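Below are some notes on helix packing in this entry. Please read them alongside the sequence and the coordinates.

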Amino acid sequence: MAKYRVLSLDGGGSWALIEVMALIDLYGGDTTGHQVLADFDLAAANSGGSIVLGALIENMTLTAILNFFLSEAARKSVFVERVHLPYTPKYETEQKLVGLQAALPLRGRASLKSAAEEILCTSTGKPVHLIIAGFDYDRARSRFFRSAPASGPEWGEGSPTLVQVTEAIHASTNAPVLFFDKPAELPSEPGKRYWDGGITGCNNPVLAGVTEAIVLGAAPDSIVALALGTGTVVRPPAPAGAAPSSIYAPVEDPGFVHDLEKMASSIVDDPPDAATFVAHVMTGGSPGLPAPVDSRIVRMNPMISPILAADGSYSLPSGLDEDAFNTLANLAMDAVEQAEVLAIQNFASLWLQDKVSNQPIRMDASLKPELGPGVYSQAKAAWLAVRG
């Protein structure tokens with residue numbers, strides 16, 4: 001059975017450089033965006049991942065995409081700061097679209113449909129199917145910007161979009177409340193307004209990608225998905241009597257300001273973490289796969305978490321002291337300062353060396369993997385085994 005390959009790119013602002021570093025490890029830095037996308041039938045992205053997808057559509061090399069994320073000037077052309085008070089929006093929505101258009105000058109103003117038609121899947125010769133997630137502010141509903149129809153008698157109408165590549169990215173990257181000052185407005189769709197697609201539960205868009213593949217006619221057990229993440233903080237509760245440490249989940253007092261911040265940032269947590277497991281179930285689970293691979297969904301996502309030893313104790317990952325670990329655990333997804341981004345790059349490098357845990361599809365309360373690879377090298381081997 002021919003494999004139907006899905007590439008899924010999580011949201012996460014500047015942390016999306018982690019996805020680019022994983023792609024460089026898989027394909028090499030000189031590989032162009034079109035060469036990467038041609039390896040897949042479908043690519044789904046949200047927020048920071050949609051910026052990566054836009055750069056792939058632009059046909060930048062992977063090294064050039066990484067350099068964009070590592071450039072403070074480039075980041076700040078998209079995350080344009082405004083004068084703000086604490087707990088008010090940090091960035092100007094309108095200037096974000098200007099920055100995206102400048103970053104993607106060749107194909108950024110093309111429609112998503114025409115951009116996809118340039119990129120032919122190597123296994124089928126058909127244009128890669130593109131999806132970018134957004135949230136319709138006025139209708140309070142999810143909005144998927146598609147490059148082509150995904151519809152049928154059994155599924156209803158999944159219409160393609162007429163908006164430009166940068167407009168779809170603009171909608172998808174518009175994180176609310178603490179980040180951008182107002183909903184994104186698209187010149188191609190006057191009167192419509194959008195917030196970040198993470199509000200729809202699609203910060204990890206793998207479930208949207210798998211669902212779309214089935215609607216497009218792919219057999220569930222033919223679908224394989226590479227779900228690239230942007231890092232996640234997972235800390236166990238402190239054991240009774242344990243000394244205070246940043247490796248344990250903090251116990252925080254509820255309150256309006258704190259809860260507002262927590263809810264505003266929750267779009268990058270669950271249900272995105274649950275999406276990979278649901279996609280695993282939808283694609284048939286483990287049967288029929290070569291051991292030790294246990295899923296058609298391969299999750300590559302570094303965890304900011306302690307390392308679980310055989311005796312049940314926890315320690316800091318190799319290469320991170322407590323200050324560095326605590327900094328990462330408290331670093332917002334909109335990190336734009338150079339020192340912050342370099343810390344993310346170092347963290348990703350440790351993950352690629354198996355010094356930092358990989359997020360499995362499922363794990364128990366102690367952080368022990370139950371399903372899916374627990375380190376990057378295992379995830380890479382699993383993807384090479386299932387991709388066909």
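1. A crossing counts as left-handed if the near helix is turned anticlockwise from the far one by less than a right angle, and as right-handed if clockwise. By that convention, H3 and H4 cross in a right-handed sense. Helices here are DSSP runs of H or I with at least four residues, numbered from the N terminus.

2. The model is predicted: local features need pLDDT of at least 70, side-chain atom pairs count only at pLDDT 80 or more, and totals for chains, interfaces and linings use all residues. Residues are numbered from 1 along each chain as its sequence is written, and side-chain values use heavy atoms, with hydrogens and water left out.

3. Helix H3 (residues 48–57) and helix H4 (residues 62–70) have axes that come within 10 Å and cross at roughly 140 degrees. Axes are lines fitted to C-alpha atoms, for helices over the stretch in contact, with angles from 0 to 180 degrees between N-to-C directions. H3 is therefore oblique to H4 (under 35 degrees is roughly parallel, over 145 roughly antiparallel, 65 to 115 roughly perpendicular, the rest oblique).

4. On the H3 side, the contact (heavy atoms within 4.5 Å) is made by Gly48, Ile51, Val52, Ala55 and Leu56, and on the H4 side by Leu62, Ile65, Phe68 and Phe69. Of the residues in the contact of H3 with H4, eight are nonpolar, one is polar and none is charged. Ala, Val, Leu, Ile, Met, Phe, Trp, Tyr, Cys and Pro count as nonpolar, Asp, Glu, Lys and Arg as charged, and the others, Gly among them, as polar.

5. For helix H6 (residues 93–103) and helix H8 (residues 165–172), the axes come within 9 Å and cross at roughly 140 degrees. H6 and H8 are therefore oblique to each other, and the crossing is right-handed.

6. Thr93, Lys96, Leu97, Leu100 and Gln101 of H6 meet Thr166, Glu167, Ile169 and His170 of H8. The residues of this contact of H6 with H8 comprise three nonpolar, four polar and two charged.

Key. Helix = DSSP H or I, 4+ residues; strand = E, 2+ residues; numbered from the N terminus.
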